[in-house]
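Trainee: I'm new to this one. Could you show it to me and walk me through its salt bridges?

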Amino acid sequence: LVAVEENPNIKGLITILNTVGGGVEAGLALAELVSTLSKPTVSLVLGGGHSIGIPLATASKYSFIAESATMTLHPIRMTGLVIGAEPTYDYFRKMQDRVLDFITRTSMADRDQLSKLMNATDNMAADIGTILVGHEAVDLGLIDEVGGLTQALSKLKSMIDKTTRVQKQKYKM
């Protein structure tokens, strides 16, 4: 991603996601890098953009989701030994707040609505959270538009063209 930012021959970035999620720290680090690129960025969720895949999808300046793709919102999870003490739960809350803060900063989604869906108990068979399909992610404001590769590439090219025109105008002044 640093090479994308530093290379003048690279005009923009498309991120194609199909992920079950992963580590919060690594995912947020990548999402922050994408969100702070100065070049046009577009994301496309195909298959799934679950868990930490949501911040990765919203990190781009414009986002798409395939009509059949899904996104799973859920609270922070840990595996292995967890110390059942109040500071542990406070740490989980802080991690969850970091994820929610990032998503609401990089999308049009409402924080209270996201929190409610993350903690829903009536949507998933054996867990807590909510599964969103294509249009539902757009309706919630997580993703900008339903579309596929053609739409995502077209949007990226138009963003690059607009950036190029603006830069040319600056040089003429």
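Mentor: Arg98 makes a salt bridge with Glu25, with 3.0 Å between the closest N and O atoms. The two sit 73 residues apart, Arg98 in helix H4 (residues 86-106) and Glu25 in helix H2 (residues 24-35). Helices here are DSSP runs of H or I, at least four residues, numbered from the N terminus. Keep in mind that this is a predicted model: local features need pLDDT of at least 70, side-chain atom pairs count only at pLDDT 80 or more, and totals for chains, interfaces and linings use all residues. Residues are numbered from 1 along each chain as its sequence is written, and side-chain values use heavy atoms, leaving out hydrogens and water.

Trainee: What makes Arg105 exposed?

Mentor: Its relative accessible area is 52%, and exposed means over 50% (buried is under 20%, partly exposed in between, with a 1.4 Å probe and protein chains only). Glu32, at 30%, is therefore partly exposed.

Trainee: And how do you know that Arg111 and Asp97 form a salt bridge?

Mentor: Their closest N and O atoms are 2.9 Å apart. Arg111 lies in helix H5 (residues 111-118) and Asp97 in helix H4, so the pair ties together parts 14 residues apart in sequence. Salt bridges with shared partners also join Asp97, Asp101 and Arg111 into one network.

Methods:
A salt bridge is a side-chain nitrogen of Lys or Arg within 4 Å of a carboxyl oxygen of Asp or Glu.
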